[in-house]
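Hi,

Here is the structure I promised to pass on.

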Amino acid sequence: MFGLPPYALRRKINGGLNRLSRTRQLSRALGLPYELQLVPTNACNLRCRACPKTHYPTDNRHLSPDVYERVKNELFPTIRILNLQGLGEPLLSPLFRRMVADARAFGLKIKFVTNAMMLDASLMEEIVRAGADVTVSLDGACAETHEDSRTGSSFSVIMDNMKIMSELGEKYKDGGFHLSLNTVVTKRNVGELREILEIGARCKILCLTLISPGVGEREDDYAQDVISRFPELLRRELPLLKESARAKGIQLFSPEFAKTENVRQKNDAGRKEKPFRLFPGTCLDPWRSAYIDVDGWVRPCCRAVWIGMGNILEKPFRKIWNDVHYIRLREHVNSDNPPEFCRGCTLWWGITRGNELYTKELEARGVILPQPPQIGVTDPAKGKAAI
Ligand code: SF4
């Protein structure tokens, strides 16, 4: 309509309804999600040390074409962001190129994280022209460190592909393409973070996100080296890293626990006074975004992939979005009695602010949490161990 991008008006109205629902935390959401995480595949070409796929049994299914068609028809006209991400490497999905082309036709922002090993020249051109936000996983500033963390990966292939994407980004400057980096930080690579930032600067990245991997009860040699066990090492690096990121115009995100006490106090002082709650974070995922698995199961979020809220092959998404499971989730997620899967959340925007050991800390303080509410159905195809 008169030069507006496709579905602009529907999206604008939906965006307003979604904002209203999440700011008021309504149990029955108005409108539909703003963002959709659609799993392109659960298969992967690597076996990274931090990844659950390396340590637990998972499936390797690709997104079903039937599910994709439903999702496209029901949700593409209203969402703004299409996050093509699951447990696997998105580029392995047979539907990947089609999804990029469709997202472009619908005027959607696509984003995904990739190990950057499966890119070819034409795909990189399509991705950049679609204005995607691409995040590359890079765990070292040299082949030895990176390839030790990401088994099966090639540092030189990644460097070549990042350079090509960065050059394409310059060529299609106004298309909205952004390149970023994710680094899973351990004791082994914390000393290379400044060099990783240098690599990112050469490729004109938008942001560098430092990730502390959730390892649950694992005690293998890699799990013993995760940075949450050595927060001081990261704290020591952060001031210079921040300064360097600022000078280069790169956004830097780091885990909450790595911030110094001063910074945390400053952040807390800046937050509005709120009634006391047992969990420190406020999660808005149940209003803002939806997660749909390869087989059509709608999940509460990427941290609870064994919980089913309904299947879009059986029910329209609109119904699932305001069905009993979602209503219960919205009522409980930010209460003192959140669902079991939220209590060990490792996401910085979740209720634990990324601290998967938070409930243990509560227990150590003598807090006894109530029995969690039952939300969703447990998918028999997936065990809790699968995340
Ligand atoms: S708190 Fe974490 S696990 Fe719970 S809904 Fe939010 S993101 Fe998902």
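Let me start with tyrosine 34, which sits in the loop between H1 and E1. (Helices, H or I of at least four residues, and strands, E of at least two, are DSSP runs numbered from the N terminus.) Before going further: this is a predicted model, so local features need pLDDT of at least 70 and side-chain atom pairs count only at pLDDT 80 or more, while totals for chains, interfaces and linings use all residues. Residues are numbered from 1 along each chain as its sequence is written.

Is tyrosine 34 buried or exposed? Tyrosine 34 is buried, because 22 other C-beta atoms lie within 10 Å. The cut-offs are these: a residue is buried with 20 or more other C-beta atoms within 10 Å of its own, exposed with 12 or fewer, and partly exposed in between, with C-beta atoms placed from the backbone. Setting aside neighbours within four places in sequence, the contacts of tyrosine 34 are Gly15, Asn18, Ile79, Arg80, Ile81, Arg288 and Ser289. (A contact is two residues with their C-beta atoms, placed from the backbone, within 7 Å.) Leucine 208, on the other hand, is 174 residues away along the chain from tyrosine 34, and their C-alpha atoms are separated by 24 Å.

The loop between H1 (8–24) and E1 also holds glutamine 25. Its phi is near 50°, a positive value in a residue other than glycine. Most residues other than glycine have a negative phi. Glutamine 25 is partly exposed, with 15 other C-beta atoms within 10 Å.

**The chain as a whole**

The protein chain has 16 helices and 14 strands. Its C-alpha trace spans about 60 × 50 × 40 Å along the principal axes. For 387 residues a compact globule would have a radius of gyration near 21 Å, and the protein chain agrees with its 21 Å. (The radius is taken over C-alpha atoms, and the globule rule is 2.2 Å times the number of residues to the power 0.38.) Of those 387 residues, 41% count as buried. If you take contacts between residues at least 6 apart in sequence, 73% join residues at least 24 apart.

There are 87 residues in the largest nonpolar core, and Leu38, Leu82, Ile110, Val136, Ile196, Ile292 and Val298 touch the most other members. (Such a core is a set of buried Ala, Val, Leu, Ile, Met, Phe, Trp, Tyr and Cys residues joined through C-beta atoms within 7 Å.) Neighbours within four places aside, valine 136 is in contact with Thr114, Ala116, Ile158, Met162, Leu179 and Leu181.

In H3 (residues 65–75), the buried residues are Val67, Tyr68, Val71 and Leu75. They cover an arc of only 100° around the axis, so they are on the same side of H3. (The arc is that of the directions from the helix axis to the C-beta atoms.) Pro65, Asp66, Glu69 and Asn73 are exposed on the other side of H3. Among the elements covering the buried residues of H3 are strand E1 (35–38), strand E10 (289–292) and helix H13 (317–321).

H4 (residues 96–106) has Phe96, Met99, Val100 and Ala103 buried. These fall within an arc of 100° seen down the axis, so they line one face of H4. Ala101 and Ala105 are exposed on the face turned away from the buried side. The buried residues of H4 pack against strand E3 (81–84), E4 and H5. Just after H4, glycine 107 takes a positive phi of about 70°.

**The ligand**

Which residues are closest to the ligand? They are Cys283, Cys301, Cys342, Cys345 and Gly350, out of 14 residues that surround the ligand. (Being near means a C-beta atom, placed from the backbone, within 6 Å.) Helices H12 (285–288) and H15 (340–343) each supply at least two residues of that shell. The shell divides into 11 nonpolar, 1 polar and 2 charged residues. (Ala, Val, Leu, Ile, Met, Phe, Trp, Tyr, Cys and Pro count as nonpolar, Asp, Glu, Lys and Arg as charged, and the others, Gly among them, as polar.)

Arginine 353 lies in the loop between H15 and H16 (358–364). Its phi is near 55°, again a positive value in a residue other than glycine.

Cheers
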